[in-house]
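User: Hello! I'd like to learn how to read a ligand site and some helix packing in this model. Could you walk me through them?

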Amino acid sequence: MKLTPMMQQYYELKEQYPDSILFFRLGDFYEMFGDDAKVASKVLEIALTSREAGPQGRVPMCGVPHHAAESYLEKLVRSGYRVALCEQLEDPKQAKGVVKRDVVRVITPGTFIEGNLDAEENQFLVALGWETKSLGLASLDMSTGEFMTVSLPTWAGLVNELTRLRPAEILVTSDWKEKDALKSFASDLGTVVTEARDKQESLASASQNLLKHFEVVTLTPFGLTSSAEILAASLALEYVQDTQRGVLSHIRVIKSYKLDQYLQIDGHSRDNLELTKTIRDGKKAGSLLGILDYTATGMGARLLRSYLEKPLLDRKMIESRHDAVGALLEKTALRLDLRDLLGEIYDLERLLGRLVTGNGNARDLKALAGSLAKIPEIKGLFVQETTPLLAALAEDLDPLTDFTQLVAQAIVDEPAITLRDGNLIRDGYNSELDKLRQASSGGKNWIRDLEVAERERTGIKSLKVGFNRVFGYYIEVTNANAHLVPETYQRKQTLANAERYITPELKEQEVLVLGADERIKELEYELFIEIRRRVEDHVGSIQENAHILGSLDVFQSLATAAVKYHFVRPQMSEDVSLSIKQGRHPVVEALDGRFVPNDVFFDEDQQIILLTGPNMAGKSTYLRQVALLVIMAQMGSFIPAQEAKIGLVDRIFTRIGASDDLSTGQSTFMVECSETAELLLHATERSLIILDELGRGTSTFDGMAIAQAVIEHIHARVRARTLFSTHFHELTKLEYSLKRLVSYRVEVEEKDGDIYFLHRVSRGSTDRSYGINVARMAGMPHPVIKRSLSLLEKLETSGNGPKQLDLFKTLDYDTTQIESTVEIAATSELEKELLNLDLNNVTPLEALQILALWQQKASKEVGSHDAD
Ligand SMILES: Nc1ncnc2c1ncn2[C@@H]1O[C@H](COP(=O)(O)OP(=O)(O)O)[C@@H](O)[C@H]1O
Ligand SMILES: [Mg+2]
């Protein structure tokens with residue numbers, strides 16, 4: 001038995017797309033066979049059947065209706081699969097033999113732009129290239145046409161950039177060295193790695209590919225000079241050319257950027273500072289972005305996110321953003337009108353992407369043109385605008401009047417979703433279409449009139465004219481009236497209690513009507529495609545408009561947040577000062593109105609702030625607040641403070657307390673150390689370092705020694721502005737030896753053994769950790785508390801108490817000699833254990849057990865002392 005011809009065709013196509021699930025178009029369905037069917041039926045939760053295929057007998061099969069394919073495709077792609085979409089290339093009715101079919105598009109996670117794309121986030125396809133010394137990364141958003149490249153000196157830099165971009169798919173060549181490491185990192189990130197080629201192409205052919213696509217003679221104006229970036233960009237472009245087979249005219253420009261153009265924040269710090277999502281549930285609500293986002297458009301939402309992820313370093317550019325926000329903050333009416341108008345604008349970038357790639361329908365076109373039609377009104381809002389940035393933006397908006405008018409005149413108000421069923425084009429737009437419609441409606445009228453006329457002529461009151469798909473138009477007469485039927489009627493169909501007839505005249509009109517209707521649908525489709533193609537003439541202007549509207553949206557969003565939360569404009573400078581008066585943590589404050597504002601101050605003489613205070617005092621909040629305010633200022637936002645002057649920060653490093661991220665399962669002390677090593681290596685004089693309880697992950701003496709050495713190193717060598725919080729209050733003595741270090745503390749008030757957190761940061765230091773007070777407030781049983789108090793007292797008064805103070809006596813810190821010998825006084829086992837106990841990480845029950853143990857040991861120790 002031979003393969004059926006259709007299955008033969010299927011296997012030939014399938015062979016060309018071994019890595020993809022082949023969607024094989026069969027009439028109104030896409031069918032899948034064999035292993036594809038097994039996988040797809042599981043992922044899509046659809047029935048698995050089988051089909052006779054020839055020699056191997058029956059093969060597994062499943063299918064989805066073509067009109068509902070989008071949601072199935074989305075599900076497969078979001079689960080990491082690729083789909084090769086195979087269509088019928090000719091009308092089956094006219095085909096001789098097997099219908100001609102071919103794959104028209106390969107849908108992959110990074111290129112799928114239909115379905116429920118999150119409007120607030122870009123969907124990047126990332127490609128990597130390399131040459132001897134550097135790594136190139138290209139990121140392409142197929143839904144908007146944004147295309148960028150960057151060079152990355154190290155693997156760490158790559159990891160950071162990938163964490164920021166969160167691509168839907170990463171392309172590499174099979175000869176990439178770090179493929180396995182990348183794959184495992186990608187799976188942590190929830191994305192897929194595709195080996196798009198066996199090996200890297202030559203630089204010459206990569207350049208050629210780009211030059212040809214962009215229709216230019218040199219790539220220099222794009223800033224694209226690095227070979228690694230060119231190779232990466234070409235890999236991305238080639239991939240979409242191969243898989244999409246459609247027009248890519250919305251990919252118009254490519255931009256090379258440099259990491260040091262922006263305030264750099266590593267991935268851990270982004271996460272720790274909860275810039276765009278919270279640590280707890282990964283949601284935007286509760287993050288800084290959640291506070292700042294009042295955008296009204298998709299373009300604005302995506303741009304705001306990228307502002308936050310890439311704050312600026314250039315003072316002039318930052319200030320012009322502040323100007324724009326300030327203008328919109330002051331002009332309430334302008335801001336509100338702008339927001340309203342923006343609310344009526346659809347996602348121009350995504351609509352454009354769909355339309356030029358041939359995936360957009362008439363509603364998309366209508367939405368695009370309707371949105372562009374709002375531009376004159378928006379321009380009108382800014383006629384008297386004097387802020388240079390806003391004025392320039394509004395000036396550059398292009399209303400594209402001809403195009404919007406064309407669409408308004410051509411497309412009906414509520415067009416069909418499908419393209420081949422008519423209901424797209426208005427009357428009066430095309431004379432041939434009008435004529436066909438007249439013919440059709442003339443025929444329909446004649447048929448409608450026929451009913452009345454025939455009832456009269458035959459005397460059959462219940463005579464009806466109807467239509468069905470199989471027999472077309474007919475005249476229906478009930479059996480009771482059969483004797484009245486004229487001879488000229490021809491019987492066509494017999495029902496239970498009626499007969500259906502036709503007449504030659506009726507059939508004549510029917511041919512006219514149906515022929516016209518068919519042709520109308522075809523013509524509407526053709527006219528629509530013609531208009532949709534016109535979008536390609538305006539790709540540049542539409543993208544420019546989208547970018548401008550996005551920017552305006554971001555500024556109104558920042559202004560709206562500033563009004564809502566009482567932000568002020570920060571003053572920017574290029575020195576290493578940082579002075580914030582009455583600053584507030586934007587997110588914590590939004591959750592709970594009773595926030596206590598605090599100052600922060602750095603300058604040449606005050607470089608390191610050493611912050612002490614008991615648990616729950618507000619140390620972490622204060623540290624994060626400073627970092628967040630700097631980021632906000634440099635992204636162009638106003639900030640929650642009374643007044644602020646900010647010397648530009650080039651990089652922010654954070655190391656946030658060990659007990660805050662126990663969930664990751666890694667040795668926290670190891671992570672702590674490697675992150676600290678990273679920042680000691682890379683921080684500059686212009687950086688901001690946040691070290692929250694460094695050294696907490698190890699034993700007290702280790703921790704304290706490391707903490708001190710790190711502080712000394714930052715003081716002597718790195719010289720970055722640094723906030724260092726610690727519960728080792730002994731470290732505050734460093735103030736006497738390190739010239740640019742100052743001690744601050746978070747104030748608490750103690751009353752009757754209870755402590756009250758004032759959340760107020762002031763000069764000076766805390767000399768106690770109040771751990772037992774906290775334990776008491778957390779509900780530890782009274783006998784335990786009492787016992788710990790007396791143990792503590794013993795420890796403090798006994799000669800064996802910890803002698804950390806000796807650490808700080810003799811060293812000359814402000815020299816380049818920064819090693820110090822740590823001399824640790826002998827302590828009893830019990831004291832060591834007590835000192836090592838992290839009260840944050842014990843439950844009351846565990847504490848009780850520990851105390852019981854200690855009591856046992858203590859009584860032994862006391863006993864042995866007595867024996868001495
Ligand atoms: N300035 C402040 N005003 C009001 N509440 C604050 C302030 N700073 C911190 N808090 C609250 O105090 C609690 C402890 O803060 P946190 O910064 O984690 O303390 P620490 O790091 O010192 O243990 C948090 O719930 C926080 O919301
Ligand atoms: Mg803390």
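Analyst: Gladly! Let's begin with a contact: a backbone N or O atom of Gly618 lies 3.0 Å from an oxygen atom of ligand 1. Before we go on, this is a predicted model, where local features need pLDDT of at least 70 and side-chain atom pairs count only at pLDDT 80 or more, while totals for chains, interfaces and linings use all residues. Residues are numbered from 1 along each chain as its sequence is written, chains are lettered from A and ligands numbered from 1 in the order in which they are written, and side-chain values use heavy atoms, with hydrogens and water left out.

User: How many residues surround ligand 1?

Analyst: A residue is near a molecule if one of its heavy atoms lies within 4 Å of it. Here 13 residues surround ligand 1, and the closest are Val596, Met616, Lys619, Ser620 and Thr621. Helix α22 (residues 619-635) gives the largest share of this shell, three residues; helices here are DSSP runs (H or I, at least four residues), numbered from the N terminus.

User: How do I read the packing of α10 and α20?

Analyst: Axes are lines fitted to C-alpha atoms, for helices over the stretch in contact, and angles run from 0 to 180 degrees between N-to-C directions. Helix α10 (residues 298-309) and helix α20 (residues 539-565) have axes that come within 8 Å and cross at roughly 70°. Therefore α10 and α20 are roughly perpendicular to each other (65 to 115 degrees; under 35 is roughly parallel, over 145 roughly antiparallel and the rest oblique).

User: And where is there an oblique pair?

Analyst: Look at helix α13 (residues 348-356) and helix α14 (residues 362-372): they pack at an angle of about 140°, with their axes 10 Å apart. That angle makes α13 oblique to α14.

Terms used: Polar contact = N/O pair within 3.5 Å; in protein donor to acceptor, adjacent residues only side chain to side chain. Helix = DSSP H or I, 4+ residues; strand = E, 2+ residues; numbered from the N terminus.
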